[in-house]
Amino acid sequence: MELLRGGGEDRALRTAALLRRSHPADKELQLAGLLHDIGQMLRPGDGARHAVLAAEAVRPLLGERVARLVRLHAPAGAVWAADGDDWADAPDGDADADAVATLRQARETAAAGGPDAGVLEDWRPLLELVAAGARGAAGNATDPLGRPRGSV
């Protein structure tokens, strides 16, 4: 949350809000919209690689799908050139190809401005919900503070 407050929060909030309206059941897509540009805050000036950095940052917290959507939101080809590897999760033929296209469109629409999209704190419950699901799916037996369950 603190990282998001330090950057382009308005566009991220507008992107996530657009996705919430167009795809209310796809919580992971909404969060990808909220988090898609955090790589620029992690390492400013790193160009197209920001999508890779953002994906690496969100993967352990929010799971593979959110990371894949964040990673693939950049214009086609830009991230592959920056990353230098051949991805197994490229959008061509991917089950999330439509979600990636939707994320890109929402990002462009949000960049043009628009009405107030709320506040960052409104997204905390959804972030916690998806993070809890990602921990459960990964078999991670830690609580949100990182302590093993049952420890003192």
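**Helix packing**

Mentor: H3 passes H6 in a right-handed crossing. Keep in mind that this is a predicted model.

Trainee: At what angle do H3 and H6 cross, and how far apart are the axes?

Mentor: Roughly 45°, and the axes come within 9 Å. H3 is residues 27-35, and H6 is residues 64-72. That angle makes H3 oblique to H6.

Trainee: Which residues of H3 and H6 meet?

Mentor: On the H3 side, Glu28, Leu29, Ala32 and Leu35. They meet Arg65, Val66, Leu69 and Val70 in H6. By class, that contact has 6 nonpolar and 2 charged residues, and no polar ones.

Trainee: Now H8. How does H3 pack against H8?

Mentor: The angle is about 40°, and the axes are 10 Å apart. H8 covers residues 97-111. H3 and H8 are therefore oblique to each other. The crossing of H3 past H8 is right-handed.

Trainee: And which residues make the contact between H3 and H8?

Mentor: Leu29, Ala32 and Gly33 come from H3. Their partners in H8 are Ala99, Thr102 and Leu103. The class count for H3 with H8 is 4 nonpolar, 2 polar and no charged residues.

Trainee: Is Thr15 buried or exposed?

Mentor: Buried. Its relative accessible area is 0%, and the cut-off for buried is under 20%.

Trainee: What does Thr15 touch, leaving out residues up to four places away in sequence?

Mentor: Gly33, His36, Leu103, Ala106, Arg107 and Ala110. Gly33 and Leu103 also take part in the contact of H3 with H8.

Trainee: Switching to H5. How many residues, and what span?

Mentor: H5 runs over residues 50-62, so to speak a stretch of 13 residues. From first C-alpha to last, H5 reaches 17 Å. That is close to the 18 Å expected at 1.5 Å a residue.

Trainee: Which H5 residues are buried?

Mentor: His50, Ala51, Val52, Leu53, Ala54, Ala55, Val58 and Leu62.

Trainee: What follows H5?

Mentor: Gly63, with a positive phi near 95°.

Methods. Residues numbered from 1 in each chain as written. Predicted model: local features only at pLDDT ≥ 70, side-chain atom pairs only at ≥ 80, totals over all residues. Heavy atoms only, no water. Axes fitted to C-alpha atoms, helices over the stretch in contact; angles between N-to-C directions. Helix = DSSP H or I, 4+ residues; strand = E, 2+ residues; numbered from the N terminus. Parallel < 35°, antiparallel > 145°, perpendicular 65-115°, else oblique. Left-handed = near helix turned anticlockwise from the far one by under 90°. Contact = heavy atoms within 4.5 Å. Nonpolar A, V, L, I, M, F, W, Y, C, P; charged D, E, K, R; others polar. Expected span 1.5 Å × (residues − 1). Buried < 20%, exposed > 50% of the residue type's maximum accessible area, 1.4 Å probe, protein only.
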